[in-house]
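Me: I would like to go through this structure with you. Please keep the answers plain.

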Amino acid sequence: NPTMNDLFWILDPTTVDVNPEDEVHLFYGTDNSSTDIDIDIKIYCEDTNDNITYIDACGVCGGDNSSCMLPSFSLKDLNPNSPTYDTNIRPKDYLGKAVLYYFPYSSTWNTCISRFGSLNDLYLNEDIEDIAIIGLAKNDATSIDEMVVGKVLPYLKDDAINNVWVNWGPENRDLFFIRQDGWYHKKINLK
């Protein structure tokens with residue numbers, strides 16, 4: 001039972017992994033009740049140099065929250081139907097919006113073209129304002145003409161300088177979900 005001025009953390013003892021994004025409830029105890037309070041919690045850990053530090057928001061001991069962010073890039077939008085055509089697209093341009101990055105196997109394969117078309121239709125038909133959808137092709141000599149015909153979504157092509165396909169590590173037809181704060185959330189494959 002909590003007593004006056006006791007603070008305690010309720011943690012399920014069967015939990016093996018602690019996810020810093022999980023909601024943590026702290027209760028401030030009084031003689032008659034407990035009141036939920038809002039408090040910043042730091043989970044401490046020992047880093048590789050035996051220093052006591054804390055787990056960052058990405059779950060990394062001693063991290064600086066940067067591991068949640070994928071490496072940045074700046075690539076030109078090649079889709080002439082896109083409102084951002086011929087301008088450089090950077091992840092930081094979309095802070096405040098969730099972003100879906102589609103990584104097609106090929107700009108000429110029917111399956112990839114169909115998936116990008118479905119994403120384009122979703123964007124147009126659902127009147128999405130707080131989500132951006134962007135196609136990001138491999139660094140190859142394949143034409144993008146078939147991929148962008150009739151579509152308004154930005155379509156980028158990787159290059160040797162940005163090397164997004166290597167740095168982000170997508171598989172063919174992956175869809176990456178990036179949160180509004182620019183952090184990587186998850187990926188799914190659109191087989």
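Me: Is D140 buried or exposed, or partly exposed?
Reply: D140 counts as partly exposed, at 35% relative accessibility. Buried means under 20% relative accessible area, exposed means over 50%, and partly exposed lies in between (1.4 Å probe, protein chains only). This is a predicted model, in which local features need pLDDT of at least 70 and side-chain atom pairs count only at pLDDT 80 or more, while totals for chains, interfaces and linings use all residues. Residues are numbered from 1 along each chain as its sequence is written, and side-chain values use heavy atoms, with hydrogens and water left out.

Me: Which residue forms a salt bridge with D140?
Reply: The partner is K157, and the closest N and O atoms are 3.1 Å apart. A salt bridge here is a side-chain nitrogen of Lys or Arg within 4 Å of a carboxyl oxygen of Asp or Glu. K157 belongs to strand 10 (residues 155-157), whereas D140 sits in the loop between strand 9 and helix 2 (145-148), so the pair links distant parts of the chain, 17 residues apart. Helices (H or I, at least four residues) and strands (E, at least two) are DSSP runs, numbered from the N terminus. K157 counts as buried, at 15% relative accessibility.

Me: How many salt bridges are there in the whole structure?
Reply: A search of the whole structure finds 5. Among them is R90 with D93, at 2.7 Å from N to O. R90 is partly exposed at 32% relative accessible area, and D93 is partly exposed at 39%. Another pairs R179 with D181 at 2.6 Å; R179 has a relative accessible area of 22% and D181 one of 34%, and each of these counts as partly exposed.

Me: Changing topic, which residues touch the most other members of the largest nonpolar core?
Reply: They are F73, Y101, F103, L136 and W168, out of 16 residues in that core. A nonpolar core is a set of buried Ala, Val, Leu, Ile, Met, Phe, Trp, Tyr and Cys residues joined through side-chain atoms within 4.5 Å. Strand 8 (98-103), strand 9 (131-137), helix 3 (164-167) and strand 11 (174-178) each give two or more residues to this core. There is also a second, separate core of 15 residues, which includes C112, V148, L153 and L190.

Me: What does F103 touch?
Reply: Not counting residues up to four places away in sequence, the contacts of F103 include L136, V164, W165, W168, P170 and F176. Contact means heavy atoms within 4.5 Å.

Me: Which residues form the aromatic cluster?
Reply: F73, Y101, F103, W165, W168, F176 and Y184 form one cluster. The count comes to 11 aromatic pairs. Rings of Phe, Tyr and Trp (its six-membered ring) pair if their centres lie within 6.5 Å; planes under 30 degrees apart count as stacked, over 60 as edge-to-face and the rest as tilted.

Me: Next, which residues of helix 1 are buried?
Reply: C112, I113, F116, G117, L119 and N120 are buried in helix 1. They lie on the same side of helix 1, because they cover an arc of only 160° around the axis. The arc is that of the directions from the helix axis to the C-beta atoms.

Me: What covers the buried residues of helix 1?
Reply: The cover includes strand 8, strand 9, helix 2, strand 10 and strand 11. On the face turned away from the buried side, helix 1 carries the exposed residues N110 and N125.

Me: How many residues has helix 1, and what is its reach?
Reply: Helix 1 (residues 110-125) has 16 residues and reaches 22 Å from its first C-alpha to its last, close to the 22 Å expected at 1.5 Å a residue. The expected span is 1.5 Å times one less than the number of residues.
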